[in-house]
Amino acid sequence: MMTRAAPPAELRRINLHHHLTREQILAVRKRSTLRGIGMILHCWGAIVAMMALAALWPNPLTILLAIIVIGSRQLGLAILLHEGAHGGLAANQKLNLWLSQWLCAYPVFGDTLSYRHYHMQHHAHAQTTQDPDIVLSAPFPTTRASIRRKLVRDLTGQTGFKQRRAQIAAALGRPGTPFVTRLWMFAGSMGRQLFMNLLLLGILTAAGHWWLYPLLWILPLLTWYQAVTRIRNIAEHAVLPHADPWRVARTTRAGWIARTFLAPYYVNYHAEHHFMLYVPCYRLKTLHRLLVDNGIVDRMEIQPGYRATMRMAASA
């Protein structure tokens, strides 16, 4: 297997203010509350539609389709959580945080504030030894067999179960701590997430379809969501030249099928996101066109699709 040199401690940052006009930068950084809310409604609309489809015509085909689409939209909620961590869901930051927490993060057992603290370290030190996400990209390239084993663990729920177990253990605190203390710690760490999931279960139960919660919410979260999250992580940062500040992240071209199942809400424009981290996701495509027009795009890492990035990741 190929071995990779350790990435440098720091990389020079790219400053697009040297390449774009002030008017262009202001235009791509403009936030729209309506567009942020629209993406959230779109995401939940797809989830509700798939649950309704499975409830009305329950059969293996509709249920499998619902698991795949809902798992992809759970990734969409995680991406919108990420957008909220960058302040892009609403012009008003109190509303931005509320939208991100209650409608995006908590339903998928996340938290915007803790994620923001962690994620800003990733942006500050991307592809260096201080990057908290370097463990996600450092193992690549690897072999096809290794990729296959990872995806099998994802799709069979092993990865998701391991992550949820670790999350619950961390929320409970150290063993030996008084029970009441651990209970309060757990409520403070995961109480809101449990509330939103109990609310979803209650709504489905009131509609006469309680079984949709374990089958079409928990199961996709433990399986398909894990697999597409891994593919997205690989596409964003794996197999990149660590010494090149223009290539700390990758943009992957995505057609409508990829956007539906792998890359919702402009997440494929990841290089642009790292260049200007406060550009709302719905303006990253515009930023990409500006970089093309200014002749900068040739310096960037761009792949024609997710199949190409996975081939690179499995090229050892």
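**Close-up views of a predicted model**

**View 1. A salt-bridge network in the predicted model.** Asp 244, Arg 247, Arg 250 and Glu 301 are linked in a network of salt bridges, shown here, as in every view that follows, in a predicted model. Asp 244 pairs with Arg 247, and the closest N and O atoms of this salt bridge lie 3.1 Å apart. Asp 244 counts as partly exposed, because its relative accessibility is 21%, whereas Arg 247 and Glu 301 are both buried. By the rule applied to this model, the count of salt bridges comes to five.

**View 2. Arg 247 and Arg 250 at Glu 301.** The side chain of Arg 247 meets that of Glu 301 in a salt bridge with an N to O distance of 3.6 Å. Arg 247 belongs to the loop between α11 (224-237) and β1 (250-252), while Glu 301 belongs to strand β2 (residues 301-303), so this pair ties together parts that are 54 residues apart in sequence. Arg 250 also forms a salt bridge with Glu 301, in which the closest N and O atoms are 3.2 Å apart. With Arg 250 in strand β1 and Glu 301 in strand β2, the pair links distant parts of the chain, 51 residues apart. Arg 250 counts as buried because its relative accessibility is 2%, and Glu 301, at 11% relative accessibility, counts as buried too.

**View 3. The largest nonpolar core.** In soluble globular proteins, nonpolar side chains tend to be buried together. The largest nonpolar core of this model has 74 residues, of which Leu 16, Leu 216, Trp 217, Phe 275 and Leu 287 touch the most other members. Helix α3 (residues 60-85) provides the largest share of this core, namely eleven residues. When neighbours within four places in sequence are left aside, Leu 287 is in contact with Leu 16, Leu 20, Val 28, Glu 272, Met 276 and Val 279.

**View 4. Cysteines without a disulfide partner.** The structure holds zero disulfides. Cys 43 takes part in no disulfide, and the nearest cysteine sulfur, which belongs to Cys 104, is 7.2 Å away. Cys 43 is buried, its relative accessible area being 0%. Cys 281 is likewise in no disulfide, and for this residue the nearest cysteine sulfur, again that of Cys 104, is 10 Å away. Because its relative accessibility is 4%, Cys 281 counts as buried.

View 5. Ile 37, Leu 41, Leu 95 and Trp 98 make a nonpolar surface patch of about 370 Å². Helices α2 (33-56) and α4 (93-105) each supply at least two residues of this nonpolar patch. Ile 37 is found in helix α2, and this residue counts as partly exposed because its relative accessibility is 30%.

View 6. Gln 101 is found in helix α4, one of the helices that supply at least two residues of the nonpolar patch. Gln 101 itself is buried, with a relative accessible area of 6%. Apart from its neighbours within four places in sequence, Gln 101 is in contact with Tyr 106, Pro 107, Asp 111, Thr 112 and Leu 113.

Note on methods. Residues numbered from 1 in each chain as written. Predicted model: local features only at pLDDT ≥ 70, side-chain atom pairs only at ≥ 80, totals over all residues. Heavy atoms only, no water. Disulfide = S-S within 2.5 Å. Buried < 20%, exposed > 50% of the residue type's maximum accessible area, 1.4 Å probe, protein only. Core = buried A, V, L, I, M, F, W, Y, C linked by side-chain atoms within 4.5 Å. Helix = DSSP H or I, 4+ residues; strand = E, 2+ residues; numbered from the N terminus. Contact = heavy atoms within 4.5 Å. Patch = residues over 30% accessible without salt bridge, like charges linked within 9 Å, V, L, I, M, F, W, Y side chains within 5 Å. Areas by Shrake-Rupley, 256 points an atom, 1.4 Å probe, with all protein chains shown as cover. Salt bridge = Lys/Arg side-chain N within 4 Å of Asp/Glu carboxyl O.
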